[in-house]
Amino acid sequence: MKKIAFITGATSGIGKATALKAAAAGFDIIISGRRKERLLQLADDIRRMGAEVLPLAFDVRDPEAVKTAIGQLEDKWQNIAVLVNNAGLAVGTNPIQEGLLEDWERMIDTNIKGLLYITREVAPLMVARQNGHIVNLASIAGKEVYPGGNVYCATKHAVDALSKAMRVDMLKHHIKVTNIAPGMVETEFSIVRYKGDEEAAKNVYKGMTPLTNEDIADTILFAITRPAHVCLNDIVIMPTAQANSRDVNRE
Ligand code: NDP
Ligand code: 8X3
């Protein structure tokens, strides 16, 4: 039987690339996100690759929706070997004194609470089987802070802490936890952060070569295909042109 990978935030960017690469590597795939049409299109693409796929459209911020979607999984789909907690976003770059509560709540509800709701439903399935691997998409924003990053950085510091905490709680259940902390990856991330301002989003990567969604997907695939006794705990990955969140070599 093929292993099952559940990837949240698969309608775009890192999640989409990870779903496609995991399907190519022989996993059957559960994909989730809010944009149903994109999910169904991706599901078709994955099916054409010969993998089975289950698209689940829901908002990770809605605990009841999360519970229903995962609680109603058929037996086959409950055997989730790998959970990739990828759904997440940054909204806004205001300094703290000008922060918008609505932006803060979207980030906290998605990046921390959404990740927790998903994990709360999937982890017991893994514990019951005494096997599994949870991959959390954190960020270098979970290792450092930078101007205007305030609440986004706080949410990713929380993910970093939760990865460590999950690893401790999961230890006796033989479940691996991998924290992935990328630097700049050109996806829809900056378009969302700048609320649809594509020019501002483009400028983030001006004069430098950012990582691609495929670079991160390759890294995730490497982590989830190690032998049973090997766990990559924490992976920091940046473009060659980036040293940290502030030092970027633009030419
Ligand atoms: P994208 O914007 O391209 O993709 C984000 C994904 O998250 C989409 O599929 C989106 O789906 C999903 N998502 C967002 N909010 C929700 C929600 N409320 N419910 C369900 N799904 C949701 O960005 P990336 O691929 O770059 O981001 C993926 C992860 O990687 C995020 O956690 C991000 O913080 C992290 N990251 C990104 C970096 C970057 O530079 N790009 C660097 C470091 C970390 P939909 O809108 O359909 O719901
Ligand atoms: C995304 C990377 O540097 O914009 O998490 O915070 S950064």
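Select β4 (80–85) and β5 (132–137): each of these strands supplies at least two residues of the lining of the second largest pocket. This is a predicted model, and every stop on the tour is a place in that model.

**The second largest pocket**

Sorted by class, its lining has 6 nonpolar, 4 polar and 3 charged residues.

**Ligand 1**

Next select ligand 1 and show the residues around it. There are 29 of them, and Thr11, Ser12, Arg34, Tyr152 and Thr187 come nearest. Colour the helices too: α1 (13–24) and α6 each give at least two residues to the shell around ligand 1.

Now look at single atom pairs.

- Thr187: a polar atom of its side chain is 2.6 Å from an oxygen atom of ligand 1.
- Val60: here a backbone N or O atom is 3.0 Å from a nitrogen atom of ligand 1.
- Arg61: a polar side-chain atom lies 3.5 Å from a nitrogen atom of ligand 1.

How much of the area that ligand 1 exposes when taken alone does the protein bury? The protein buries 97% of the 870 Å². By class, the shell around ligand 1 divides into 12 nonpolar, 11 polar and 6 charged residues.

**Ligand 2**

Leave Tyr152 selected and move to ligand 2. Tyr152 is among the residues around ligand 2, and it is also one of those that come nearest to ligand 1.

Ser139 has a polar side-chain atom 2.5 Å from an oxygen atom of ligand 2. For Tyr152, a polar side-chain atom is likewise 2.5 Å from an oxygen atom of ligand 2. In the side chain of Arg193, an N or O atom is 3.3 Å from an oxygen atom of ligand 2. On its own, ligand 2 has 240 Å² of accessible area, and the protein covers 84% of it. The shell around ligand 2 has 4 nonpolar, 2 polar and 1 charged residues.

**The cavities**

Hide the ligands and turn to the cavities. How many cavities of 30 Å³ or more are there? The count is 2.

For the largest cavity, select Val91, Gly92, Asn94, Trp104 and Asn150, which lie nearest its centre among the 14 lining residues. Then show α5 (101–129) and α6 (150–170), the elements that give two or more residues to this lining. The largest share, 3 residues, comes from α5. The volume of the largest cavity is about 70 Å³. Its lining is made up of 5 nonpolar, 7 polar and 2 charged residues.

For the second largest cavity, select Thr8, Val60, Asn85, Asn86, Ala87, Thr110, Gly114, Leu115 and Ile118, which line it. Which element gives the most to the lining of the second largest cavity? It is α5, with 4 residues. The space inside is about 40 Å³. By class, the lining has 4 nonpolar and 5 polar residues, and no charged ones.

The last stop is a pair of charged side chains. Select Lys21 and Glu214, which form a salt bridge with their closest N and O atoms 3.8 Å apart. Lys21 is in helix α1 and Glu214 is in helix α9 (residues 213–224), so this pair ties together parts that lie 193 residues apart in sequence. A search of the whole structure finds 15 salt bridges. Helix α1 was also shown at ligand 1, where it supplies at least two residues of the shell.

Technical notes
Residues numbered from 1 in each chain as written. Chains lettered and ligands numbered in written order. Predicted model: local features only at pLDDT ≥ 70, side-chain atom pairs only at ≥ 80, totals over all residues. Heavy atoms only, no water. Near = heavy atom within 4 Å. Polar contact = N/O pair within 3.5 Å; in protein donor to acceptor, adjacent residues only side chain to side chain. Areas by Shrake-Rupley, 256 points an atom, 1.4 Å probe, with all protein chains shown as cover. Nonpolar A, V, L, I, M, F, W, Y, C, P; charged D, E, K, R; others polar. 1 Å grid on protein atoms, 1.4 Å probe; cavity = no way out; pocket = protein on both sides within 12 Å on 5 of 7 lines; lining within 4 Å. Points joined across faces, edges and corners; volume = space filled by probe spheres on them. Salt bridge = Lys/Arg side-chain N within 4 Å of Asp/Glu carboxyl O.
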